[in-house]
Amino acid sequence: MAESKLKRVTENENQDFTVEPPNKKRKESSDLLKKFKCKYFYIDKSLLIKEFLQDDSEIVCVTRPSGFGKTTNLTMLRYFFEMSYENIKENEFQNLQNKKYFENLLIIKEKEDDQTYLDKYQGKYPVIYIDFSSAFKIEKTFEATIESFKSFIKKLFRSYKNINLKNLDKYDKEQWENFQSGIFSLYELKESISFLCLSLNKAFNKNIILLIDNSDSPILNTVNTSFYNKFYKFYDEVFLEIFKQDEDNCYLFKTFITGNLKVNENKFGQTVLTNYSITDIKYYDLRNVLKCIKGIFKMSEFVSDFSSEFNTFFNEIFINFDYIMIKDMIFLLQNGYIEKKIPELTNYEMLKKDYINNHREIIWTLLIEYGYLINVTTSNNAIISKVRKLKIITEEIRLFIENKFSEWKKNLYKDEKIKNTIDSLTSNYDEERIIEFLKDKIKSNLGYSTGYDYYKNEFLDKYYSIIYSLLSLSDECEVVTKKIFNENNNIRELLIIPKDNLETNTLNNNKTDIVYIIINYSNIVEKGCIEALDYNENLVFDDIKLKEKYDKIIKFGIAFYEEICDVIYEINYGNCLKKRNAKRNIYRGRILICFK
């Protein structure tokens, strides 16, 4: 099929809609909500029907995450176009039963050739509607999944059991009966949907409108199974057969396909498809209208509607101590945006857990595709370098991410090794325990060998991320970073402030003690630790003189070189405390230094 046949469908941004609380719905409103599979309200997007018809494309493929109205719009298209299959008089196909749902919508005002769209198109086409998110169940084996798919096909054919098959030949009638009874081979199963299209075309002498919702759900649900490759081949052949047969028999009038993720992979065989994702197309966006209805419904009811698959996504991806992701999430939640390198999602293999664990940067691509974040990059240089500026879409999404992130941190803090290492940095200063933890985490590398190489010093930033993310898990201290640091410098700095009295505990208020961490990248780690301790001897952090503000400053010198690290520390006393004490001891590693 030629590429020119494929084009996006857009919708007027300023459509009006009315919202009525459940206890005030008129009966017809209630019937419409039920018909279009809406819970509380329906946004009038009926002009999508006009644009779908006027567009030159034969196939429209829209990819958007759950909660963006794909199913509602496809359901609307189905009940607008679908004819009545029973008691059909000659050339009278119109389904008057469904007509009433559109008489108060915007489409009623639209005309073509002096006829309203309702009179010209409503209820006059055979429609095949398939929602692959619920059509059949992914079982534990390929064979069991195929049996589930067979049951789905059997039900699909039985839903057309009352149609007149007089225009089908003897072989087609027998095949139809076999599909209705569930007696068919794997080869015939692959042809089942294309056969249904061709049979309806012959039965009514009219072209078919094919509506496929959540086309990639079976792929997403099998991607981490042992039979993924086998099932993918089967599923690909099912779609290939639909469009291959259409090229020979021309039975399709229009096709509308939706998916959850934009994957730049042609799963429809030789058929050329254009994907339009969340940033490419104006569409029914539930998140953008939530603010309009806050006073009518509880927000929690709507958030729960679109968060179920996102919960699964977070729970599967955010399990272990991912130090870079923790640091990046903190930055994202504090600033509302983040700049990252975004890899392209080129095939479904990239959605496997093993791949994600070894290529963690793909998570940012998925956060965009699942509808959490939006790419707002405008700079040409940034586009060329693949560094994108990503923003959280709405406040509701920000709160959802914040809650999931908080759960993740709490679960990590339950780990004894993590808890003990935090104590070693904040209270008992156990150097060996700190070294053991840091070495273990840098060896794991967490799949960040690529994607973060645009930093001037990738290893230094990894170690910095480990320490920063580790300390951020504790509710007993607050981590303060430098406002500005030089990327070319081999030094990074952190302050750890106890949270005993958080309201007054800032850099401008006295506190008994504070931990100051200097991270150095040096090919001789023992020497690097000393250099870190000698760095910033005046103890000035972002123009704040720590000696004047704190009685005691525990200063850590931490040095790294690739997978090697070392840690030492010293205790410095503030000016106020030194004035009160004529003599003080400073502990520096294993050396006790005494000054007067």
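1. Basis. The model is predicted: local features need pLDDT of at least 70, side-chain atom pairs count only at pLDDT 80 or more, and totals for chains, interfaces and linings use all residues. Residues are numbered from 1 along each chain as its sequence is written, and side-chain values use heavy atoms, without hydrogens or water.

2. The sheet. Three strands make an open, antiparallel sheet, ordered β8-β10-β9. The twist averages 35° from one strand to the next. Helices (H or I, at least four residues) and strands (E, at least two) are DSSP runs, numbered from the N terminus. Strands pair if DSSP finds at least two bridges between them.

3. Inside the sheet. β9 pairs with β10 (residues 387–392) over three bridges, in the antiparallel sense. I374 has K391 of β10 as its bridge partner.

4. The helix across it. α16 (residues 362–369) lies across β8, β9 and β10. It runs at about 100° to β9. Angles run from 0 to 180 degrees between N-to-C directions; axes are lines fitted to C-alpha atoms, for helices over the stretch in contact. Contact means heavy atoms within 4.5 Å.

5. The helix pair. α7 (residues 170–181) packs on α9 (residues 192–204) at about 130°, with axes 11 Å apart. The two are therefore oblique to each other: angles under 35 degrees count as roughly parallel, over 145 as roughly antiparallel, 65 to 115 as roughly perpendicular and the rest as oblique.

6. Their contact. α7 contributes D172, Q175, W176 and F179, and α9 contributes S192, F195, L196, S199, L200 and K202.
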